[in-house]
Amino acid sequence: MANQIYHENQSLQFCLLHTLNSLFQQKDAFNKATLNSISEKLALDDNSNTETWTPLSLIFKPHHNVLTGNYDVNVLIAALEDRGKSVIWHDRRNGVSSIDLDAPQDVLMGIVLNVPVKRFAGIWKSRHWIALKKIDGVWYNLDSDIHAPQPFQDIQKVREFLGSTIGHGGEVLLVMNQKQ
């Protein structure tokens, strides 16, 4: 492994922030202020946002939680599009074999997963963002909930992981380096 692999550990519900920075392999490629700004812009642009204001509106925004993060997919897509990337939602009906894991890195930047999680003995249910990225020819799991990046042995192990993710209710999003 020629280069140090950048990986962030989980803090509150800022997994999307950690996922984006790991995907770009750069500390502060994105920060909380940037993602909050994107979220606020999305809320302003959302014509269907007819909710009435309450004191909780200061914390629970349409696309994120001000205190803990918990950003939604709209923030992910807008953040990536701002950087010239595009996101393709993988159609689970096609199976994971339809994903070209051998695509050149100038085409496929990486994969973002959104998986269901249960915490506090299953009392609290939420979703969690995870980045998978091919670095120097090796695919890595850059999940912020794990201590360090985990390399996959081979492409078949990546496919098995993706298949298991889909089988447990996860979503697979392909991040493309070129606008589609």
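**View 1. Lys157 and Glu160 in helix H4 of a predicted model.** Lys157 and Glu160 lie three residues apart, about one turn of the helix, and both belong to helix H4 (residues 155–167); helices (H or I, at least four residues) and strands (E, at least two) are DSSP runs, numbered from the N terminus. Lys157 forms a salt bridge with Glu160, with 3.6 Å between the closest N and O atoms; the term denotes a side-chain nitrogen of Lys or Arg within 4 Å of a carboxyl oxygen of Asp or Glu. Lys157 is partly exposed at 35% relative accessibility, and Glu160 is partly exposed at 41% (buried means under 20% relative accessible area, exposed over 50%, partly exposed in between; 1.4 Å probe, protein chains only). The model is predicted: local features need pLDDT of at least 70, side-chain atom pairs count only at pLDDT 80 or more, and totals for chains, interfaces and linings use all residues. Residues are numbered from 1 along each chain as its sequence is written, and side-chain values use heavy atoms, leaving out hydrogens and water.

**View 2. The salt bridge between Glu171 and Arg92.** The N to O distance of this pair is 3.1 Å. Glu171 lies in strand E6 (residues 171–176) and Arg92 in the loop between strand E1 (86–89) and strand E2 (108–119), so the pair ties together parts that are 79 residues apart in sequence. Glu171 is partly exposed, at 22%, and Arg92 is also partly exposed, at 37%.

**View 3. The salt bridge between Arg93 and Asp91.** The closest N and O atoms are 2.5 Å apart. Arg93 is exposed, with 73% relative accessibility, whereas Asp91 is partly exposed, with 26%. The structure holds three salt bridges.
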